[in-house]
Amino acid sequence: NAEMLQYLESSSFLTAGRFADNMILSIKRVLSNAIRDGDALASVAFSIGQLFEEYGIGTEDFGRLLTVSRTNLTDAFNQGQKIIYEDKAISEMVKGYKYVATLDSGTTEFCQRHDGRVYRQDDPIWSTITPPNHFNCRSVMDPVWMDETMDAVSAGSDGYSKKLRIEPLGSDGYKFNKLVG
């Protein structure tokens, strides 16, 4: 009967949704505990693998678990950085972020291209380049503090990047100058 089939379909989606929600919550708990405790990446991947096994999901590919763990830990770290440095109590002391990539044979072209670039904290580019930018991304955002001079790049209204030198003026703010050359 069509009514019964419709019920079974909706019921199975509801059950699958609850299963997925529980799995995601469990993984978030593992990641949160790992950050709190400073667990090694392999330990995090192992814990997530144990969860997969508990939920009846195969864990034959430990490399994939490492990738998922590394990418999510990088995301959590960078989002935590942003939350801290954009807090009202601290944000006045942070004037920008520097994109810092781990440079080795595993570094992607994207991360190599952005490594060392500094943008003002409020630059909209951070909505598109805040790490992680791909699986296995190990890049981070380092704060540029109020008392530091920084060379920054900012997108101009004409679509071209403009270089700026940001120099501290003391407790009352920053001076933004175009760089020559």
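This is a predicted model: local features need pLDDT of at least 70, side-chain atom pairs count only at pLDDT 80 or more; totals for chains, interfaces and linings use all residues.
Buried means under 20% relative accessible area, exposed means over 50%, and partly exposed is whatever falls in between (1.4 Å probe, protein chains only). Residues are numbered from 1 along each chain as its sequence is written, and side-chain values use heavy atoms, with hydrogens and water left out.

**Overall layout**

- The secondary structure comes to 6 helices and 6 strands, where helices (H or I, at least four residues) and strands (E, at least two) are DSSP runs numbered from the N terminus.
- Going along the sequence, you get the pattern α-α-α-α-β-α-β-α-β-β-β-β.
- Take the contacts in the chain with a separation of 6 or more: residues 24 or more positions apart account for 54% of them. Contact here means heavy atoms within 4.5 Å.

**Helix 2 against helix 3**

- Two packed helices are described by the angle between their axes and the distance between the axes.
- For helix 2 (residues 41-54) and helix 3 (residues 62-85), the angle is about 115 degrees and the axes are 8 Å apart. That makes helix 2 roughly perpendicular to helix 3.
- The axes are lines fitted to C-alpha atoms, for helices over the stretch in contact, and angles run from 0 to 180 degrees between N-to-C directions. Under 35 degrees counts as roughly parallel, over 145 as roughly antiparallel, 65 to 115 as roughly perpendicular, and the rest as oblique.
- The crossing of helix 2 and helix 3 is right-handed, which is the label if the near helix is turned clockwise from the far one by less than a right angle, with anticlockwise being left-handed.
- On the helix 2 side, the residues that meet helix 3 are L41, A42, V44, A45, F46, I48, G49 and F52, and their partners in helix 3 are F62, L65, L66, S69, R70 and L73.
- By class, that contact has 11 nonpolar, 2 polar and 1 charged residues. Ala, Val, Leu, Ile, Met, Phe, Trp, Tyr, Cys and Pro count as nonpolar, Asp, Glu, Lys and Arg as charged, and the others, Gly among them, as polar.
- S47 also lies in helix 2, and it is partly exposed, with a relative accessible area of 24%. S47 and L65 are 18 residues apart in sequence and 9.5 Å apart in space, C-alpha to C-alpha.

**Nonpolar cores**

- A nonpolar core is a set of buried Ala, Val, Leu, Ile, Met, Phe, Trp, Tyr and Cys residues joined through side-chain atoms within 4.5 Å.
- The largest nonpolar core has 12 residues: M23, I27, V30, L31, A34, V44, A45, I48, L51, F52, L65 and L73. Helix 1 (2-37), helix 2 and helix 3 each supply at least two residues of this core.
- A second, separate core has 11 residues, including Y85, C111, Y119 and W126.
- Leaving aside neighbours within four places in sequence, L31 is in contact with V44, I48, S69, N72 and L73.
- A34, in helix 1, counts as buried at 4% relative accessibility. Its contacts, again leaving aside neighbours within four places in sequence, are D39, V44 and L73. The C-alpha atoms of A34 and V44 are separated by 6.5 Å, and the two are 10 residues apart along the chain.

- I129 sits in helix 6 and counts as buried at 3% relative accessibility. Not counting residues up to four places away in sequence, I129 touches Y99, F110, H114 and Y119.
- The C-alpha atoms of I129 and M141, 12 residues apart along the chain, are 9.8 Å from each other.
- S139 is in the loop between helix 6 and strand 3 and counts as buried at 2% relative accessibility. Not counting residues up to four places away in sequence, S139 touches T74, N78, Y99, V100, A101, C111 and P131.

- Most residues other than glycine have a negative phi, and most peptide bonds are trans.
- The peptide bond from P131 to P132 is cis, with omega near 5 degrees, and P132 is in the loop between helix 6 (126-129) and strand 3 (140-145).
- N136 has a positive phi of about 70 degrees although it is not a glycine. N136 is in the loop between helix 6 and strand 3, and counts as partly exposed at 28% relative accessibility.
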